[in-house]
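Hi,

Here is the structure I promised to pass along.

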Amino acid sequence: MASPANQGDPEGQEPLDFEAALAELEELVGRMEAGSLSLEESLAAFERGIKLTRECQSALRSAELRIKALTQEGDELDLSSTGDQGGVS
């Protein structure tokens, strides 16, 4: 898969989608836990892992806000339409 050298350029990369970022993060953790990386490779993997973690957290926060907004909008619509119809019937 992708090596830390290819992944280390924070400015030149497009943001990954959540699933891709999580998969890459899991791969990095596995390689670091195996203990086969040099100190420099471990530092680069750790740095990339921090960036991926932040991207995942940001994506989760964004999804949570979207869900809250949709839920609130839906509740307001359901309450107002149910209340009006329920009172008339």
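Before the notes, one term: a nonpolar core is a set of buried Ala, Val, Leu, Ile, Met, Phe, Trp, Tyr and Cys residues joined through side-chain atoms within 4.5 Å. Also bear in mind that this is a predicted model.

With that in hand, the largest nonpolar core here has seven residues, namely A21, L25, L28, L37, A45, L52 and C56. Two helices, α2 (18-34) and α3 (39-88), each supply at least two residues of that core. As background, nonpolar side chains in soluble globular proteins tend to be buried together.

Leaving aside residues up to four places away in sequence, L28 touches A45, R48, G49 and L52. A45 and L52 are both on the list of core residues.

Next, is A44 buried, partly exposed or exposed? A44 lies in helix α3, and it counts as partly exposed because its relative accessibility is 30%, which falls between the 20% and 50% cut-offs.

The K51 side chain makes a polar contact with the side chain of E55, at 2.5 Å. From K51 to A21 the C-alpha separation is 9.3 Å, although the two are 30 residues apart along the chain.

How values were computed
Residues numbered from 1 in each chain as written. Predicted model: local features only at pLDDT ≥ 70, side-chain atom pairs only at ≥ 80, totals over all residues. Heavy atoms only, no water. Buried < 20%, exposed > 50% of the residue type's maximum accessible area, 1.4 Å probe, protein only. Helix = DSSP H or I, 4+ residues; strand = E, 2+ residues; numbered from the N terminus. Contact = heavy atoms within 4.5 Å. Polar contact = N/O pair within 3.5 Å; in protein donor to acceptor, adjacent residues only side chain to side chain.
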